Structure formats: structure tokens, C-alpha cells
Amino acid sequence: MLIPAFSLIRREYLRWIRAPTWVISGLMSPILYLLLFGQAFDLGKLLPPGTPAGALATVLSGAPNYFSYFAVGMVAFASVTAAMFSGTGIIFDKQLGILQRTLSTPISRRSVFLAALTFRGMLTLIPAFLVVGFALVLAYVPNVAGLSVGSGVNVVDALQFVVAALILSIAFTSLFLSFGFAAQRIESYFGVVTILQLPILLTSNAMYPVNIMPAWLQYVVGINPISLAVNVMRMSLFGTAGYPYSVGVYLLGLLAWAVLFVGLAFWLASKALRTDVSPKGSALSEAIAA
Amino acid sequence: MVYPSSKPGTQGTVAVDGVSFQVRRGEIFGFLGPNGAGKTTTISILTTLLSPTSGGAHIEGLDVRTQSNDVRRRLGLVFQKSTADEELTGRENMIIEAGLYGLSAGAVREHANDLLAQMDLAQAADRFVKTYSGGMRRRLELAVGMVHKPHLIFLDEPTLGLDPQGRAGFWRYIRHLRESKGLTVFMTTHYLDEADQLCDRIAVIDRGRIIALGTPKELKDSVGGDTLELTVAPGAKDPTALLTGMPGVTSVTKVGETYRVKCSNGESLIPKTVLAADEAGIVVAGVTVIKPTLDEVFLHLTGHAYREEGEAPPPAAEGDGESATVEGR
């Protein structure tokens, strides 16, 4: 039962480990943001001298300094950036005929989808955890801001953090996988991804506190899946004070996005992997005819 | 078993129609036709990658539409294009392909080694496919297609892009697999010599229809004897009447400056023809005897010469009627 899906995962893994360009493409932006933007742009320094110490903590919803607040946002950003490459493999498999070969075997179409989601989802998590490690290490470098975590963080908090990162990666991996299943060419895939990249990031709370945004923007930011995940992560590390809802509510909201995106990806995958001919023709039959 | 069937192409045309044939166990069955004739469409239907809009096909008695997974387990497939993963070794490609059929690496290791050795890839088995030559890639495709011990294998223009030595070598591997494994082979090709030398039986397909089916010898015999190609000098008189009167001549057709003379006795007709033409004052520029080849068969059956690559494809036929039965081991 599991051998076919595992075989696909193994193929993806071998391919990936031998051409690990993701190290540069996936990690470059978040690391640069941590090293440069996060160091230079300190919201705390913008407050007038004499501002009470608690004021900054209120703006940052409990985070001890802006860098710590920002670093957690970058964890989610790294994950979403890495997920943007999730759909590329399926497009190359279509173009090279590897997908057709796979579909000529008795492997179930569901296994093809689950293998892609599992492997790509795992890949998406790696940069997230590398960013956490990098930000934590920075705290021990002199004259450099790093991620400082509240002393009260326990196993449950850490688990919440990981669960939020996991659901976020499943959600965005699915979203970008679905573009991969729908697109015939790599150009159209990256066309869509490039259009989405900035709006997804800028309508989140990854870089700025929500409570200093205009009200109309707060609504959009509030339901952005990145914001929901980042809320859970920040609450896990810095405490829950100042958040209107509980961790459970944010996790549920995030889960709803994940279910929506997984459903979308599964629907588009079934369309792309079908071998019978609909009136419009399936993606596969067009690929064969081409 | 006849099932009316058709398969629409991308522009609403019918890609194959009136295609109906049976393949016997253990034979090498050739599907011969020019580009765009419907060969790949037929292979896609038989290998469950496309469903026919009507009609049907059976493989070892299994319906390709309703029993597709059982069909998939029994057949191996070698595509026109190389589908092996470049970043993986030959052996890894085989083990992973076996996994897609639910076979564990341990279960197929010995069989994979055996196949790699038979394809002369034992030395290269653990090298990345990106270092393979064109011929090695084709052999690896064959090994990958055989890894789950299929009863029959489909080869879609397997020697496309290979040099003459590479093609002849590949034919040897196919024959060897048929002998050693009792494999049924269904192959498409647009090389006439390939079909002639390799196949037990051939179906000739043109514009989506099967126009002839038989052994290479039967097809060549159907053309009826030799062809004498006689070219006259520019401005010479028409020799048609003269040629028609010669002994053993059955027909004369003019193609450009050349007269194609169907006859039973090609060699002996040459001196007689040249002498007779000389007496009649017709200047002969050249004479050639052509023994029947599949080229001749194609010309005879279709009324047009076998198209080479790059020429415009013919308009697709319309209508319907396809069935296929393929018997495996």
C-alpha cells in the first residue's frame, strides 16, 4: 500500500538532495531580512525618550524587543517562500513525461498527490526551523539583535509553535502545489506566484504590529493565514497578553485555511491526473497530444 | 471483438478511427505509419493513458477502461522520450519504478541486476543517467519498462533519434527479451526497414486508419512483383505504350519524368526495354529495378509516398470504429 507513495517520495528526495539549490533560493531572503532589515529597523528606537518600558511591549504584544517580534514573522515568511517552489516539480514531471510514466503504473492518483504534499510540506518546514535556530544564535553574538524567548516557555508552548508551523506549511504547500497541477508551463506558474508573493506577505503581521495599522487593513491582516500562524507562534514564545482571541481560535482559523487549500490542491490534482477525456480535455491528454 | 470507436484529437478532429486488430501472444507486432497517423494515440488508449470516446480495447481479456489497474500491472511502456530521472542512477530509476508497482527494493534487486546485465548496463548501473549516451538511455528505458515483469511491452518509436548502429543494437535487445522472457511486443515505428526486420506482423496506419495488416512478406507480396523505374531524357517521347506492350508488365504509371513499371521479372526486362526504347527512338536516361519494400507497400496502399518528418500532416480522418485485443504471455 505504502510502497508506491514512498517510492515517489524517495525519488523526490534523491533529486532534491543532489541539487539542493533551495539552500540559496529558499533561505537567502529570510536570512538577509534577519541580518539586515531586522537589525536596522528597530521600532523601539522610534519611540520618544522617556516612554515607559511597558509601552513597547504593548505595541509588540508582549515581545521583549522588535527583533524578537520580527524574527517569529520571518519563520512564517521562510516557510511560505520555500512553499513557492512546491509546484515546480510537478510541472517538470509533466513536461518530461515522467508524470505520464507514473500514471501508466497502478499507483493510485491519491498516492501521487499525498506523496507530493508530504515531501514538499517537509521541505517547507526545514527553512522555518533553520530561521528559528539562526535567530536564537544571533542573541549570543555581541552587538547584534537576536531572538530572546520568555523564561516561561514550556513543552506545550513549543508544541503549539511546531503545530502552527506545520499547519502553515501544509496550507501554503497545498496552495502552490495546486498551481503546479493547474499550470502547463513553468513561466505561467511563476507568473502567478510572483503576483501573490508580496500581497500575501504585506497583508500579514510578520513585519508590523497589527494594532498600529489602519482599521480596514487590520481586518485583512487578521484573517491572513500567515498572521494566524504567527499569532500562535508569538503567543507560544512571548505570552498571550494583548491578543483578543485564544491560541485555539487562531489554530482553528489556520486549520480552516489549510483544509481549503488542501481541498483545492486535491481537486486540481484529480483534474490534472485523470486519463479519461472531458469535453475540454484533461491536462494530461493535452500533454500527450502535444 | 469489434467495438466501434473513435478518439477526438485536439482540434475536434478524429485522431484514430477504423482501427481494429488483434495481437498474438509472444509476437512482435509493429504499428507502422508516418508522424500524425495516430500511432501514439492508439498506444495511449491501449496503455490506459487515454480513454477512447467510443469502442474499446482488451489486453489479455481485460478491459482497458474498466480494469485499468489490472491492465497496468501486465504491461510495460517505453515512451518516445526518455523518462528516466537524470539526477538518479540507472539502478535507482529501476528500483523506484518497481516501487510504483508495489514491489519492494529487496524483491526486485536480483531481477533488476539481471535486466541491467542483459541490457549491457551493469557497468553503468550506479552512474547518474545524465552521463548516459542516447543508446544507453533507450536501453535503460527498456530495462525500467521490464522491471515489474510485464507480460507485454509497448514501445512507442523506441529507436527515434538513434544512429543506425544504435538502432540495430536496440533491435537485438528486443529480440533477446522476446526469446528469453517470452514477451509480447507492441511497437510503433515510422521506419519501414525497422518494421520489416523486427516485426512478425505489421499493421500499416495512415490518417487514423489501418490500411493493411499482415506479415512483412505478405504485405510485400500484395504489391505484386518488382518495379522497374525508367527515366527518359528531357523531351523524349512518351514510352507508356511501348512499356505496356512488354512481356510480364502489369501496369505503368508516370511519376514526374520517371515511369514506374510493375512487372514480374525486373532484371530480365531491363535489356529488352532499353533495346525496344532505342529502336523506337526514345532516349533512356536510367533504369532501376526495385524489389518490393514496405515503402512500395505504402505507396501502393495509400497512393502517396511515405512522408518524411517535417512535411505537413494529412487532414485527420473522420468517422469511427476501433478495437484492439492484445494477448500477453
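Two residues are in contact here if their C-beta atoms, placed from the backbone, lie within 7 Å. The legends below describe a predicted model.

**Figure 1. A:Met74 and its contacts in the largest nonpolar core.** Leaving aside neighbours within four places in sequence, A:Met74 is in contact with A:Pro30, A:Tyr33, A:Leu34, A:Val131 and A:Ala206. The largest nonpolar core holds 150 residues, and those that touch the most other members are A:Met74, A:Val75, A:Ala229 and B:Ala143. Another core, of eight residues, lies apart from this one and includes B:Leu230, B:Val252, B:Val261 and B:Leu269. In soluble globular proteins, nonpolar side chains tend to be buried together.

Figure 2. Chain A has 14 helices and zero strands. Along the sequence the pattern reads α-α-α-α-α-α-α-α-α-α-α-α-α-α. The C-alpha trace of chain A spans about 70 × 40 × 35 Å along its principal axes. The radius of gyration of chain A is 21 Å, which agrees with the value near 19 Å that a compact globule of 290 residues would have. Of these 290 residues, 44% count as buried. Among contacts in chain A between residues at least 6 apart in sequence, 79% join residues at least 24 apart.

**Figure 3. The loop that holds A:Asn143.** A:Asn143 lies in the loop between helix H8 (109-138) and helix H9 (155-182) of chain A. Its phi is positive, about 65 degrees, although A:Asn143 is not a glycine. Most residues other than glycine have a negative phi. Is A:Asn143 buried or exposed? A:Asn143 counts as exposed because it has 5 C-beta neighbours inside 10 Å, and the cut-off for an exposed residue is 12 or fewer.

**Figure 4. The loop that holds B:Lys149.** In chain B, the loop between helix H5 (134-145) and strand E8 (152-156) contains B:Lys149. B:Lys149 also has a positive phi, near 55 degrees, in a residue other than glycine. With 17 other C-beta atoms within 10 Å, B:Lys149 is partly exposed, because a residue needs 20 or more to count as buried and 12 or fewer to count as exposed.

**Figure 5. Helix H11 of chain B and its packing partners.** Helix H11 of chain B covers residues 294-302, and its buried residues are B:Leu294, B:Glu296, B:Val297 and B:Phe298. Which elements do the buried residues of H11(B) pack against? The helices are H7 (192-198) and H8 (216-223) of chain B. The strands are E10 (201-206), E11 (209-214), E12 (226-232) and E15 (284-290) of chain B. B:Gly303 follows H11(B) and has a positive phi, near 75 degrees.

**Figure 6. The side of chain B that touches chain A.** In the model, 26 residues of chain B are in contact with 29 residues of chain A. On the chain B side, the elements that give two or more residues are helix H2 (68-74) and helix H3 (90-100) of chain B. H3(B) gives the most, with four residues. By class, this side of chain B has eight nonpolar, twelve polar and six charged residues. The model scores ipTM 0.81 and pTM 0.78.

**Figure 7. The two domains of chain B.** Chain B is divided into domain 1 (6-220 + 307-311 + 318-326) and domain 2 (225-291). The centres of domain 1 and domain 2 of chain B, taken over C-alpha atoms, are separated by 43 Å. Chain B has eleven helices and 16 strands. Of its 329 residues, 46% count as buried. Among contacts in chain B between residues at least 6 apart in sequence, 75% join residues at least 24 apart.

Figure 8. Chain A averages a pLDDT of 86, and 93% of the residues score at least 70. Over residues 276-290 of chain A the pLDDT is below 50, and this stretch has 28 contacts in the model beyond near neighbours in sequence. For chain B the mean pLDDT is 80, with 87% of its residues at 70 or more. Confidence in chain B is highest in H3(B), at 95, and lowest in strand E1 (residues 6-8), at a mean of 40. Residues 1-14 of chain B stay under 50 in pLDDT, and the model has 53 contacts for them beyond four places in sequence. Over residues 308-321 of chain B the pLDDT is also below 50, with 30 contacts beyond near neighbours in sequence. Where pLDDT is low, the predicted coordinates should not be read in detail.

Conventions. Residues are numbered from 1 along each chain as its sequence is written. Chains are lettered from A and ligands numbered from 1 in the order in which they are written. Ala, Val, Leu, Ile, Met, Phe, Trp, Tyr, Cys and Pro count as nonpolar, Asp, Glu, Lys and Arg as charged, and the others, Gly among them, as polar. Domain bounds come from an automatic or database domain assignment. The radius of gyration is taken over C-alpha atoms; the globule rule is 2.2 Å times the number of residues to the power 0.38. pLDDT is the predictor's confidence in each residue, from 0 to 100. A nonpolar core is a set of buried Ala, Val, Leu, Ile, Met, Phe, Trp, Tyr and Cys residues joined through C-beta atoms within 7 Å.
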